[in-house]
Amino acid sequence: MKKTVVASIIGGAMLLSVSAGVYAGANLQEIKAYLNNDIKVKVHGKQVQLLDVNGNVVTPITFKGTTYLPARAIANSLNVAVDYEAATSTVLFGEKVDGTPINANQVFYRSTKDPNMTQYKNKDYIEVLKEMGGSGSNFTLEPEKKFQTLYLQVAAIGADVKIRIKDGNSRLLKEETVTIDDGLKTIEANIAGLNEVTVFYSIDNYNDDTGIFVPLTTSYYK
């Protein structure tokens with residue numbers, strides 16, 4: 001049974017929400033299959049509705065005795081990231097092998113590339129978020145549902161910093177304290193299925209010489 005499910009997910013991978021133009025000239029074979037409205041899906045005992053990226057209901061397909069499930073809908077139900085790599089016609093589930101720097105996915109208008117600001121312990125991180133003198137603030141990351149895990153690097157300057165990572169519904173994904181002695185600490189959070197997350201930070205004993213240092217080139221998604 002497990003073998004059939006795995007084959008079905010892979011076989012149904014082309015039901016990802018990708019424009020028709022992507023498949024022009026692809027190695028496609030026409031078949032006669034059936035939309036199977038009788039198929040129900042449960043995750044951990046709870047029935048789920050299969051939806052596409054736009055929130056529309058999608059239906060499993062049955063072909064020669066095998067049921068093919070829509071890849072994105074199943075991945076979302078299991079809280080597993082899913083993406084499509086057009087260059088290699090590959091469906092990607094879960095963590096990607098190579099990390100993607102968080103500044104490769106979006107523009108950070110509050111970041112700096114000033115060499116006087118981007119260095120920490122004699123290493124230049126090229127682009128960073130560095131804020132000094134305040135009791136705390138927040139910034140938003142935009143993984144766009146393409147990744148499974150966030151690896152956020154944070155250093156505390158002058159005083160310990162409390163980090164809270166939340167999703168768009170204010171659900172807490174991760175909470176950690178970064179101490180001065182930690183140096184550059186990596187905080188890991190599951191972000192599967194999320195368009196954006198917000199990182200909140202606070203400093204209790206703050207002054208002009210306290211702050212936070214977040215390198216955007218070595219913080220990454222997988």
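Analyst: Tyr-120, Tyr-125 and Phe-213 form one aromatic cluster. The model is a predicted one, in which local features need pLDDT of at least 70 and side-chain atom pairs count only at pLDDT 80 or more, while totals for chains, interfaces and linings use all residues. Residues are numbered from 1 along each chain as its sequence is written, and side-chain values use heavy atoms, with hydrogens and water left out.

User: How many aromatic pairs are there by this rule?

Analyst: Rings of Phe, Tyr and Trp (its six-membered ring) pair if their centres lie within 6.5 Å; planes under 30 degrees apart count as stacked, over 60 as edge-to-face and the rest as tilted. The count here is 5 aromatic pairs. The rings of Phe-147 and Tyr-221 are stacked, because their centres are 4.8 Å apart and their planes at 15°.

User: Are Phe-147 and Tyr-221 buried or exposed?

Analyst: Buried means under 20% relative accessible area, exposed over 50%, and partly exposed in between (1.4 Å probe, protein chains only). Phe-147 is buried at 2% relative accessibility, and Tyr-221 is buried at 0%.

User: Which residues is Thr-198 in contact with, leaving aside its neighbours within four places in sequence?

Analyst: Contact means heavy atoms within 4.5 Å. With those neighbours left aside, Thr-198 touches Asn-138, Phe-139, Thr-140, Arg-164, Ile-165 and Lys-166. Thr-198 counts as buried, at 14% relative accessibility.
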